[in-house]
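User: I want to learn how to read charged side chains and strand pairing in a model. Can you take me through one?

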Amino acid sequence: TQGPIWLRLAVASQKVPVTLVDETDLSTLETGVTSPTIQISKNGAAYASASDGTWAEIGNGDYTIRLNETDTETLGWIIVRVIKASISAETKIFCQIGVDAELLHATAVRVRTDRR
């Protein structure tokens, strides 16, 4: 498991990095992997398909998975799971969903202003 990767609550187009390695030696970097199964578990719920899950290769065994607001709508942790049978070992990335720092700041300013 890799991570934690910090993500913002209910925000589209957030990318999660992942590195894939060969399942036989667990060290050879896997390139050219297409159409893996991408699942997420929100706060310990059963794995389900990612709502977005757009897969892109960066190079040298590194990839990104794009998550949308549905994938990140729950505060807490999620696990992103990548499976590609007979090519790479199953990979899990631990992510933490939190409130955007800008939103926290705006809320604090609004609360201070309201209390004056």
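Analyst: Start with the charges: the structure holds four salt bridges, each a side-chain nitrogen of Lys or Arg within 4 Å of a carboxyl oxygen of Asp or Glu. This is a predicted model: local features need pLDDT of at least 70, side-chain atom pairs count only at pLDDT 80 or more, and totals for chains, interfaces and linings use all residues. Residues are numbered from 1 along each chain as its sequence is written, and side-chain values use heavy atoms, with hydrogens and water left out.

User: Which residue forms a salt bridge with Lys42?

Analyst: Side chains of opposite charge can pair when their charged atoms come close. Here the partner is Glu73, with the closest N and O atoms 3.3 Å apart. The pair links distant parts of the chain, 31 residues apart: Glu73 lies in the loop between strand 6 and strand 7, Lys42 in strand 3 (residues 37–42). Strands are DSSP runs of E, at least two residues, numbered from the N terminus; helices are runs of H or I, at least four.

User: Which residues do salt bridges join into one network?

Analyst: Take the pairs in turn. Arg81 meets Glu90 at 3.4 Å, N to O. Glu90 also meets Lys92, at 3.6 Å. Shared partners join Arg81, Glu90 and Lys92 into one network. Glu90 has a relative accessible area of 40% and Lys92 has 30%. Both count as partly exposed, the class between buried (under 20%) and exposed (over 50%), with a 1.4 Å probe and protein chains only.

User: Is Asp71 buried or exposed?

Analyst: Asp71 is buried, yet has no salt bridge. The nearest side chain of opposite charge, Lys42, is 5.7 Å away; Lys and Arg count as positive, Asp and Glu as negative, with His and the chain ends not counted. Asp71 sits in the loop between strand 6 (62–67) and strand 7 (76–84). Look at the backbone instead. The Asp71 side chain reaches the backbone nitrogen of Ser51 at 2.5 Å and that of Asp52 at 3.1 Å.

User: What is the strand order in the open sheet of three strands?

Analyst: Strands pair if DSSP finds at least two bridges between them. The order is 2-6-5, with antiparallel pairing. Strand 2 (14–19) and strand 5 (54–59) are the edge strands, each pairing on one side only. Six bridges join strand 2 to strand 6. Gln14 stands opposite Leu67 in strand 6.

Conventions: A polar contact is a pair of N or O atoms within 3.5 Å; within protein, one must be able to donate a hydrogen and the other to accept it, and residues adjacent in sequence count only if both atoms are side-chain atoms.
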